[in-house]
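Please view the sequence and the structure together before reading on.

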Amino acid sequence: MINGEKVLDHPIRWAMVGGGRGSQIGYIHRSAALRDNSFQLVAGAFDIDPERGRDFGVGLGVAAGRCYPDYKTLFEEEAKRPDGIEAVSIATPNGTHYEICKAALEAGLHVVCEKPLCFWTGQAEELVALADAKGLVVGVTYGYAGHQMIEQGRQMIAHGDLGEIRLVNMQFAHGAYNTALEATNPAAKWRMDPKFAGPSFVLGDVGTHPLFLAEAMVPGFAIKNLMCTRKAFVEGRQLEDNAFVIMNLANGAQATSWSCAMNCGSMHGQKIRVIGSKASIEWWDERPNQLRYEVEGEPARVLERGAAYLYPSALEEDRIGGGHPEGLFEAWSNLYLRFARAMEAANKGQAPGFWYPDIHAAANGVKWVEKCVQSSDQGAVWLDY
């Protein structure tokens, strides 16, 4: 159980690019990073408007002189300081991630980046090579992976509780963009614009989340080929608000993905179901403390977070005893703690010894979106992965 004791030699000196006042995700980054005293927020370029960013940073307790007008100045000035930053989180619109991440790595900084890491596989491969060459950690915020029942599912599959894995069904299908919300909501508008969001809306925005859950839970989850169809149902949209993907896996299993932003009445709708030859498990992010376990011929069971019957590694990141619900803030905190431990290990030239959503997972998400878009644009054809 996590209880707040010190786990690092020192808190990692940390900055944010983006995540300022009005950001949808800035607060959860800060809450997660600061909760376990594994990071210390000492600088930032919080806003595209320098004065507004400085005012916001000071309100967070950051010294005014370390609230910079842009990320380039942030990296340059902090490099001159003996107490300069060691890591940065990127919480800006999608179209800026590649250039900021590349600049951070070139400056010798560890990175936590919102997904997607970039838009194209070539860019992702460049960032992977740069991070590997410099021995730097790049974590991507697939935040749902920090829920402990994902680890329980991972252990159940690894221990053979489900038997041979045959099917993986993924979905992230909510209804928030069932109408043209982007016409009046600036935070939604950029997500529909290819210049800022890239070649996809829902595939990249929500589809890559359960894709990573599948990668984390199912050993050797490797796509052999895939077929995708996507469509924009709301008039005027340049990017899809619904997409279906069918995948054949290298081990003979099959997988499906439904990504949607106009599923009327669905609050969130992210689920992953893994079907084996003996049993199935299903996790739903609206009930993240539970994992449904269904053995053929037996009554269905619901496994609860924090219960003594779970695998030991599924209990390691509990923050409060079983029966008390934990949520997305706790899941993100678990990931940020893993990021910090991985960064400290990298600084010592060591491998982390545990899994987290790293740059290779981020690069695979970019590749998956790119392949899905190519398949759809070619008439929903099968493409080798």
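L167 stands opposite I275 in β10. This is a predicted model, in which local features need pLDDT of at least 70 and side-chain atom pairs count only at pLDDT 80 or more, while totals for chains, interfaces and linings use all residues. Residues are numbered from 1 along each chain as its sequence is written, and side-chain values use heavy atoms, with hydrogens and water left out.

**Strand pairing**

- Helices (H or I, at least four residues) and strands (E, at least two) are DSSP runs, numbered from the N terminus.
- Two strands pair if DSSP finds at least two bridges between them.
- Strand β6 (residues 165–173) pairs with strand β10 (residues 270–276) in the antiparallel sense, over seven bridges.
- β6 also runs parallel to strand β9 (residues 254–260), joined by seven bridges.
- M170 stands opposite S257 in β9.

**Pockets**

- On a 1 Å grid over the protein atoms alone, a cavity is a set of points where a 1.4 Å probe fits but cannot get out, and a pocket is an open set with protein on both sides within 12 Å along at least five of seven lines; lining residues have an atom within 4 Å of a point.
- Grid points are joined across faces, edges and corners, and a volume is the space filled by probe spheres set on the points.
- The volume of the largest pocket is about 1,500 Å³.
- It is lined by 50 residues, of which S23, Q24, I25, W190 and R191 are the closest to its centre.
- Elements giving two or more residues to this lining include β1 (12–18), α1 (26–35) and α9 (202–217).
- Ala, Val, Leu, Ile, Met, Phe, Trp, Tyr, Cys and Pro count as nonpolar, Asp, Glu, Lys and Arg as charged, and the others, Gly among them, as polar.
- By these classes, the lining of the largest pocket has 26 nonpolar, 15 polar and nine charged residues.
- The second largest pocket holds about 420 Å³ of space.
- Its lining has 20 residues, and S313, E316, E317, R338 and R341 are the closest to its centre.
- α6 gives the largest share of that lining, four residues.
- The lining of the second largest pocket has six nonpolar, six polar and eight charged residues.

**Cavity**

- The structure holds one cavity of 30 Å³ or more.
- The largest cavity has about 180 Å³ of volume.
- Among its 20 lining residues, P116, A197, G204, D205 and V369 lie nearest its centre.
- α11 provides the largest share of this lining, four residues.
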